[in-house]
Amino acid sequence: MSANKKPSIYLTPYFACNVLLASAYFLLKATPLQNFMPWAEPMPALAARDQEILLFLACIVAVKVRKTQNEYEIIATAFLFAKCTNAVLFWRLNIVAFVLYLVAWLVAFLVADMPLFTGPTNVQTLSPMIFQNWIKADKTKLGTKSQFIMLKLYAAQSPVCQYLAPEFANLSMKYGSAFFRFAKIDVLRHPDVAKLYGIDTHYSSQQVPTFILFKDGVEVDRRPQVDKHNRVVKCRINAMFLETEFKLAEITNSNKKED
């Protein structure tokens with residue numbers, strides 16, 4: 001897989017399992033499979049309460065989708081709330097059905113996770129200690145050429161982080177050099193780093209991932225930004241956005257002129 005290719009989510013066990021889980025209640029209801037389930041009563045028609053649950057789901061997904069940054073996040077959000085709705089419907093039907101559904105959800109989570117990017121990259125996965133060593137070295141550098149680091153603060157299980165992985169890798173292949181390094185740190189594994197750089201790691205946070213540009217060991221810019229009211233400035237992050245906002249081409253050309 002090339003660095004500028006995204007992993008296809010639609011042809012994976014993750015997608016197939018989640019489609020089945022997201023539509024499980026209605027698949028059982030519409031097919032003879034319900035006759036073989038370990039509960040005695042047949043699945044009834046949707047009651048008014050069940051229809052309200054579905055409408056509530058649709059409203060939540062619509063609100064969440066407005067805040068998403070890419071198709072992977074839209075898909076993951078829709079799957080999550082659809083599975084929650086199925087769980088509620090099965091719980092209202094029968095406790096056995098509810099428990100079996102939760103077991104199926106857990107199994108799918110363990111064996112069919114979202115596919116990870118495995119293509120070529122110049123992005124280095126760092127521990128906080130190694131990154132701080134980089135920062136200290138850049139602050140005490142010798143010579144006139146500036147040292148740049150593009151740091152990605154991410155969460156390994158975040159759909160948007162996984163979606164952006166090949167795009168960040170592509171940028172690292174295009175602009176990475178001895179004077180411009182690309183790195184990433186998992187803020188869920190290293191919450192002290194999240195705290196140090198003021199990153200909210202809550203599930204609904206719009207700060208994961210955050211991209212920070214360092215020059216000679218000092219932060220000079222980041223995306224997404226946070227305004228004076230501590231609100232995240234909305235932006236749709238992709239390779240072109242990062243390339244433009246951080247002026248990566250200008251940085252590279254400037255460094256070449258210093259040779």
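## Glu 219 and Arg 222

Glu 219 is partly exposed, with a relative accessible area of 32%. This value, like the others here, comes from a predicted model. The side chain of Glu 219 meets that of Arg 222 in a salt bridge, at 2.8 Å from N to O. Arg 222 is buried, because its relative accessible area of 14% falls under the 20% cut-off.

## Arg 223 and its partners

Arg 223 also counts as buried, at 11% relative accessibility. Arg 223 forms a salt bridge with Glu 245, and the closest N and O atoms are 2.8 Å apart. This pair links distant parts of the chain. Arg 223 sits in strand β5 (residues 218-223), while Glu 245 belongs to helix α9; they are 22 residues apart.

Glu 245 is partly exposed, with a relative accessible area of 29%. Asp 221 joins in as well: Asp 221, Arg 223 and Glu 245 are linked in a network of salt bridges.

## Lys 174 and Glu 243

The structure holds 6 salt bridges. One of them pairs Lys 174 with Glu 243, with 2.8 Å between the closest N and O atoms. Here too, distant parts of the chain are linked. Lys 174 lies in helix α7 (residues 159-175) and Glu 243 in helix α9 (residues 239-245), 69 residues apart.

Lys 174 is exposed, with a relative accessible area of 53%. Glu 243 is partly exposed, at 22%.

## Helix α5

Helix α5 covers residues 95-111, which is 17 residues. At 1.5 Å a residue, α5 should span 24 Å. Its end C-alpha atoms are 25 Å apart, which agrees. At the start of α5, a side-chain oxygen of Asn 94 comes to within 2.7 Å of the backbone nitrogen of Val 96.

Which residues of α5 are buried? They are Ala 97, Tyr 101 and Ala 108. Seen down the axis of α5, the buried residues fall within an arc of 35 degrees, so they line one face of the helix. The face turned away from the buried side carries the exposed residues Ile 95, Phe 109 and Leu 110.

## The nonpolar patch

α5 gives the most to the patch, with 10 residues. Trp 91 comes from helix α4 (residues 71-93). Trp 91 is exposed, because its relative accessible area of 53% is over the 50% cut-off.

Note on methods
Residues are numbered from 1 along each chain as its sequence is written. This is a predicted model: local features need pLDDT of at least 70, side-chain atom pairs count only at pLDDT 80 or more; totals for chains, interfaces and linings use all residues. Side-chain values use heavy atoms; hydrogens and water are left out. Helices (H or I, at least four residues) and strands (E, at least two) are DSSP runs, numbered from the N terminus. The expected span of a helix is 1.5 Å times one less than its number of residues. Buried means under 20% relative accessible area, exposed over 50%, partly exposed in between (1.4 Å probe, protein chains only). The arc is that of the directions from the helix axis to the C-beta atoms. A polar contact is a pair of N or O atoms within 3.5 Å; within protein, one must be able to donate a hydrogen and the other to accept it, and residues adjacent in sequence count only if both atoms are side-chain atoms. A salt bridge is a side-chain nitrogen of Lys or Arg within 4 Å of a carboxyl oxygen of Asp or Glu.
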